[in-house]
Amino acid sequence: ISFIIISFFSVLLLSLLLFTLFLFTLFFFFFFLMIRRPPRSTLSSSSAASDVYKRQVVPKRRPKREEQAGFKRQDHSEGGSGGEKAKREPARVPAGAEWVAEHRLQQFSGRHYAYLSGDFNPIHSSVLMAKASGFKSTILQGFAQMALMQEALVRSCCDGDPLRLAVLDVRFVSPLVLPNSMAVHVTQQKDRVVVTNGKGDVTMVGTFEMGDVPVARSKL
């Protein structure tokens, strides 16, 4: 009888180990299937934002503080109990801002950008991992938003010349859940930029400045 009991528990333990191994194999297969290399890029609707990213157009001088350009931050409340921070007002599209670009983003746009930037955080490529992290679906990388914003500014305000964009200072407001659309708005003064999703909610705000091109074309 003892032999039968030992044999039974041995088979049961072996079955549990095999089942656990099967689950781990299934999980890793599913994970790598979700981040496999896409056949084509669908990040941008017109021209791939990789052109902007690869050229690495960085600010040529220190950006101004947001307070100087219109994005005022709330200071600590004076006289209040405990010195609590005042709540920041919700970001909105400024009155009179001009719509300059819109991009249609697919479910796997975050995965496409991951192969460009190296950001393989699964919340950008796996719906399962994104939901486990508290999001409704995968979200687009913040730098992908900024790259598409920069592309729109170069096309609409810099005559297609990325070197004329001297300063770009951005602040992330909320995640851009995929699939979605992304619209870029620029103020009439051409100094502030706002990104909204398909519902009109602001996901990113920024300030920018245009300047002369100090580098000779022959060196590019």
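Student: Two strands pair if DSSP finds at least two bridges between them. With that in hand, which residue in S4 stands opposite Ala183?

Tutor: Thr196 is the one opposite Ala183. Before we go on, this is a predicted model, where local features need pLDDT of at least 70, side-chain atom pairs count only at pLDDT 80 or more, and totals for chains, interfaces and linings use all residues. Residues are numbered from 1 along each chain as its sequence is written, and side-chain values use heavy atoms, leaving out hydrogens and water.

Student: OK. How many bridges join S3 to S4, and which way do they run?

Tutor: Four, and strand S3 (residues 180-186) runs antiparallel to S4. Strands here are DSSP runs of E with at least two residues, helices are runs of H or I with at least four, and both are numbered from the N terminus.

Student: What's in the turn of that S3 and S4 hairpin?

Tutor: Five residues lie between the two strands, and Lys190 in the turn has a positive phi of about 55°.

Student: And on to S5: how many bridges join S4 to it?

Tutor: Five, again antiparallel, with S5 covering residues 202-210. Val193 has Gly206 in S5 as its bridge partner. The S4 and S5 hairpin also has five residues between its strands, and there Gly200 takes a positive phi near 90°.

Student: Why call S4 largely enclosed?

Tutor: Because four of the five residues in S4 (residues 192-196) are buried, the rest of the structure largely encloses this strand. Buried means under 20% relative accessible area, exposed over 50%, partly exposed in between, with a 1.4 Å probe and protein chains only.

Student: Which residues of H6 are buried?

Tutor: Quite a list, including Ala144, Leu148, Met149, Leu153, Val154 and Cys157. Gln145, Gln150 and Glu151 are among the buried ones too. After H6 comes Asp159, with a positive phi near 55°.

Student: Is Phe9 buried or exposed?

Tutor: Exposed, at a relative accessible area of 51%. Phe9 is in helix H1, residues 2-34.

Student: Last one, where's Asn121?

Tutor: Asn121 is in the loop between helix H4 (109-117) and helix H5 (127-132). At 33% relative accessible area, Asn121 is partly exposed. Asn121 and Gly110 are 11 residues apart in sequence, and their C-alphas are 9.4 Å apart.
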